[in-house]
Amino acid sequence: MVDLIKRYKWWLFGIIFLGGLVTYFNRWRSFHEHSQDKFILAAAAKHGVDPALIKAVVWRESRFDRQKYGTAGERGLMQVSEKAANEWAREHKIDNFQVDQLFDPKTNLEAGSWYLRRALDHWQTESEPLPFALAEYNAGASRVQRWVKGGGITTSQFLGNIDFPVTRKYVQSILDRYAFFKKRGRM
């Protein structure tokens, strides 16, 4: 047995090292994934949005990186745009709001959840408002209006009308992750 260990010691070392690396990664991911739960739960309760949905948006937008800076200037966990943040601040009468406050998780989740709630309310008459609201969150209300083409459209027709492949993929990835978080039964 000792001869076998000596002969394959580098293979054994590699297997043990990889096992440790996988364990470390899984623990890090779990910690990272739950690091903002208290703020997500608070924002969800305040704005009446399922916390698993908010978490799915955060997962897609920033992978829980609160310092994420988007290519079009979006900031933080939910990648809130300056325009959306200013609308949120105006609506909530927040004086002296600075867009860099979006790097604060609580502020970002408040603004992002408010904006998501507004999009959900906007599309509440649809049989499945969520895909429409997610498309609006990603691409803006005017583009979604164009993709709806006057109304009376099914969700699958709507998804087919989205001429931004990135937005179509965005909506589907959040729907999938939302289902995953709900299936796990925990936020």
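**Close-up 1. What lines the largest pocket of this predicted model.** By class, the lining holds ten nonpolar, seven polar and nine charged residues. Of its 26 lining residues, the closest to the pocket's centre are Glu74, Gln79, Tyr137, Asn138 and Ala139.

**Close-up 2. Helices around the largest pocket.** Which helix gives the most to the lining? That is H7, with four residues. You can find H7 at residues 129-139. Several helices each supply at least two lining residues, among them H4 (51-62), H5 (82-91) and H6 (105-122).

**Close-up 3. How H4 packs against H6.** Here we turn to two of the helices from the previous view. The axes of H4 and H6 lie 11 Å apart, and the helices pack at an angle of about 110°. Angles of 65 to 115 degrees count as roughly perpendicular, so H4 is roughly perpendicular to H6. The crossing of H4 past H6 is right-handed.

**Close-up 4. The residues where H4 and H6 meet.** Now for the side of each helix that takes part in the contact. From H4 come Leu53, Ile54, Val57 and Val58, and they meet Leu109, Ser113, Leu116 and Leu120 of H6. What classes do these contact residues fall into? Seven are nonpolar, one is polar and none is charged. Compare this with the lining of the largest pocket, where nine charged residues are found.

Definitions and conventions
Residues are numbered from 1 along each chain as its sequence is written. This is a predicted model: local features need pLDDT of at least 70, side-chain atom pairs count only at pLDDT 80 or more; totals for chains, interfaces and linings use all residues. Side-chain values use heavy atoms; hydrogens and water are left out. On a 1 Å grid over the protein atoms alone, a cavity is a set of points where a 1.4 Å probe fits but cannot get out, and a pocket is an open set with protein on both sides within 12 Å along at least five of seven lines; lining residues have an atom within 4 Å of a point. Ala, Val, Leu, Ile, Met, Phe, Trp, Tyr, Cys and Pro count as nonpolar, Asp, Glu, Lys and Arg as charged, and the others, Gly among them, as polar. Axes are lines fitted to C-alpha atoms, for helices over the stretch in contact, and angles run from 0 to 180 degrees between N-to-C directions. Angles under 35 degrees count as roughly parallel, over 145 as roughly antiparallel, 65 to 115 as roughly perpendicular and the rest as oblique. A crossing is left-handed if the near helix is turned anticlockwise from the far one by less than a right angle, and right-handed if clockwise. Contact means heavy atoms within 4.5 Å.
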